[in-house]
Amino acid sequence: MKAGVCQLNSALLVVLVFKLCFYGLSNASELQVCELCNGTVLSDSAVGQFCSSSAGRIEGRCCLKNGTAGYNDKIIGLDLSNCSLALVGNLQEASTATIIDLSFNPIANISDFSFQGFIALNSLILPVKVLCPGGATAWKKIVEKRGNRFCEGQNSMCNQTGQMATDCPENSQCAPFGPGFFECSCADNYHGYKCQREGEFPFLQVFGPLGVSTVVISFVLWVTQRRKAKPL
């Protein structure tokens, strides 16, 4: 076990509202992680073969779930092999990927946190000198072949002996959260700090004043800017 994340229902709701308010306004027609290096996914590569068998479509270095477009694009495969990458940056756009290939890159090491939240990741190909994130307990099989390290079959950290009782508070549920990680979410009818409050989360009391404040501030700013605007 590397780390646990105790997430409350209210916190998840705040994150969702944030995404809807801010990210929904942006145009995500191009996924930047798919353009981290030149070229495209080759049909005979591991990601290419997976994409073909999954009826996906290739765009740049990504395999996208077929039938999605624009900000709904869902990455199911990412091939950054042979990209001369010395460091692995932010790959969160590919957090929905089932397979990621980082082989044939001069990478010295990778932080486990690089793949936090990658719950769908089932196959990770790395340079042979780089260890699988989360360690041996995070994967069903780790093999070395053709100068690469293959991390196959992500294990759920919630299935580790005694982990749930030790790290998740009472009235919460454990769920996988990427290689070597897990998260704790409040069970039904519980919320608050360490899921200690019973009953429905007070949506109206929390978000009612927030919504009213947002409308008032927006109106004041609109009036202020309108007065400053010079007539044509």
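Which residue lies over the face of Phe150? That would be Lys145, at 4.9 Å from the ring centre; a charge counts as sitting over a ring if NZ of Lys or CZ of Arg is within 6 Å of the ring centre and within 35 degrees of the ring normal.

A quick word on ground rules. This is a predicted model, so local features need pLDDT of at least 70 and side-chain atom pairs count only at pLDDT 80 or more, while totals for chains, interfaces and linings use all residues. Residues are numbered from 1 along each chain as its sequence is written, and side-chain values use heavy atoms, with hydrogens and water left out.

Now the rings. The structure holds two aromatic pairs, where rings of Phe, Tyr and Trp (its six-membered ring) pair if their centres lie within 6.5 Å, with planes under 30 degrees apart called stacked, over 60 edge-to-face and the rest tilted.

| Pair | Centre to centre | Angle between planes | Type |
|---|---|---|---|
| Phe113 and Phe181 | 5.2 Å | 55° | tilted |
| Phe115 and Phe118 | 5.5 Å | 75° | edge-to-face |

Phe113 lies in the loop between β5 and β6 (123-127) and Phe181 in strand β10, so their pair ties together parts that are 68 residues apart in sequence. Strands (E, at least two residues) and helices (H or I, at least four) are DSSP runs, numbered from the N terminus. Phe113 counts as exposed at 51% relative accessibility, whereas Phe181 is buried at 1%. Here buried means under 20% relative accessible area, exposed over 50%, and partly exposed in between (1.4 Å probe, protein chains only). Phe115 and Phe118 are both buried.

Strand β10 (residues 181-186) also holds Glu183, which is buried with a relative accessible area of 14%. Glu183 sits 10 residues from Gln173 in sequence and 8.2 Å from Gln173 in space, C-alpha to C-alpha.

Over to β4 (residues 75-79): five of its five residues are buried. Strands pair if DSSP finds at least two bridges between them. β4 pairs with β3 (residues 62-64) in the antiparallel sense over three bridges, and Leu64 stands opposite Ile75. With β5 (residues 99-101), β4 pairs in the parallel sense, again over three bridges, and Asp79 has Asp101 as its bridge partner.

Finally, the surface. Val212, Val216, Phe219, Val220 and Trp222 form a nonpolar patch with about 510 Å² of accessible area together. Among them, Val220 is found in helix α4 (residues 203-228) and is partly exposed, with a relative accessible area of 44%. Accessible areas come from the Shrake-Rupley method with a 1.4 Å probe, and for residues only the protein chains shown count as cover.

Conventions: Patch = residues over 30% accessible without salt bridge, like charges linked within 9 Å, V, L, I, M, F, W, Y side chains within 5 Å. Salt bridge = Lys/Arg side-chain N within 4 Å of Asp/Glu carboxyl O.
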